[in-house]
Amino acid sequence: MGLFSFDLVTRVLFPSPKASYGPDDFKDELIWIPKTLDPHTAGYRDFVPCLLLKFSSARFTILFCHSNAEDLGRCYPFCSMLRSQLQVNVLAVEYPGYGICPGGQACEETVTENAFVAFRFL
């Protein structure tokens, strides 16, 4: 019962939507950040897809974690608006199981891990 209830709670809290983008979308803005400091030893599952939206004269970068039940494709218009309105760079991180991010069903631990990978990248 305990494992089943945890799985149910995880699926309710982190409902991964169908991918709204692919690896060839967002030319020059979709980047893959390695989870380790040595990208040469990392496998496909050891990278986190992120959007890096640059503003030419930006002094700051916002680390953006999208809301539940959306992926980078669905939050792209909002992140683009943040970039232009605030004149900042925006780094948006993807969660495991969302969009094209490998890793299976997301949970609090894996979402936090991906967010820290993006934070260390900055």
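Trainee: How much of the protein chain counts as buried?
Mentor: Of its 122 residues, 42% count as buried. Buried means under 20% relative accessible area, exposed means over 50%, and partly exposed is in between (1.4 Å probe, protein chains only).

Trainee: What should I know about the model itself?
Mentor: This is a predicted model: local features need pLDDT of at least 70, side-chain atom pairs count only at pLDDT 80 or more, and totals for chains, interfaces and linings use all residues. Residues are numbered from 1 along each chain as its sequence is written, and side-chain values use heavy atoms, with hydrogens and water left out.

Trainee: How many helices and strands are there?
Mentor: The protein chain has 3 helices and 4 strands. Their order from the N terminus is α-β-β-β-α-β-α. These are DSSP runs numbered from the N terminus: helices are H or I with at least four residues, strands are E with at least two.

Trainee: Now the core. Which residues touch the most other members of the largest nonpolar core?
Mentor: Leu 30, Leu 51, Phe 64, Leu 72, Cys 79 and Val 90 do, in a core of 15 residues. A nonpolar core is a set of buried Ala, Val, Leu, Ile, Met, Phe, Trp, Tyr and Cys residues joined through side-chain atoms within 4.5 Å.

Trainee: Which elements give two or more residues to this core?
Mentor: β2 (47–53), α2 and β4 do. The most comes from α2, with 5 residues.

Trainee: Switching to rings. How many aromatic pairs are there?
Mentor: The count comes to 4 aromatic pairs. Rings of Phe, Tyr and Trp (its six-membered ring) pair if their centres lie within 6.5 Å; planes under 30 degrees apart count as stacked, over 60 as edge-to-face and the rest as tilted. One of the pairs is Tyr 21 with Phe 26, which is tilted: 5.8 Å centre to centre, with 45° between the planes.

Trainee: Is Tyr 21 buried or exposed?
Mentor: Tyr 21 is buried, because its relative accessible area is 6%.

Trainee: And why is the pair of Phe 26 and Tyr 76 called stacked?
Mentor: Their ring centres are 4.7 Å apart and their planes are at 20°, so the pair is stacked. Phe 26 sits in the loop between α1 (2–13) and β1 (30–34), and Tyr 76 in helix α2 (residues 72–86), so the pair ties together parts that are 50 residues apart in sequence. Phe 26 and Tyr 76 are both buried. Ring pairs link Tyr 21, Phe 26 and Tyr 76 into a cluster.

Trainee: What about disulfides? How many are there?
Mentor: The count is 0. A disulfide is a pair of cysteine sulfur atoms within 2.5 Å.

Trainee: Salt bridges next. How many does the structure hold?
Mentor: It holds 2. A salt bridge is a side-chain nitrogen of Lys or Arg within 4 Å of a carboxyl oxygen of Asp or Glu. One of them joins Arg 83 and Glu 29, at 3.2 Å, N to O. That pair links distant parts of the chain, with Arg 83 in helix α2 and Glu 29 in the loop between α1 and β1, 54 residues apart. Arg 83 and Glu 29 are both buried.

Trainee: Which side chain meets Arg 74 in a salt bridge?
Mentor: That of Asp 71, at 3.7 Å, N to O. Arg 74 is partly exposed, at 40% relative accessibility. Asp 71 is buried, with a relative accessible area of 0%.
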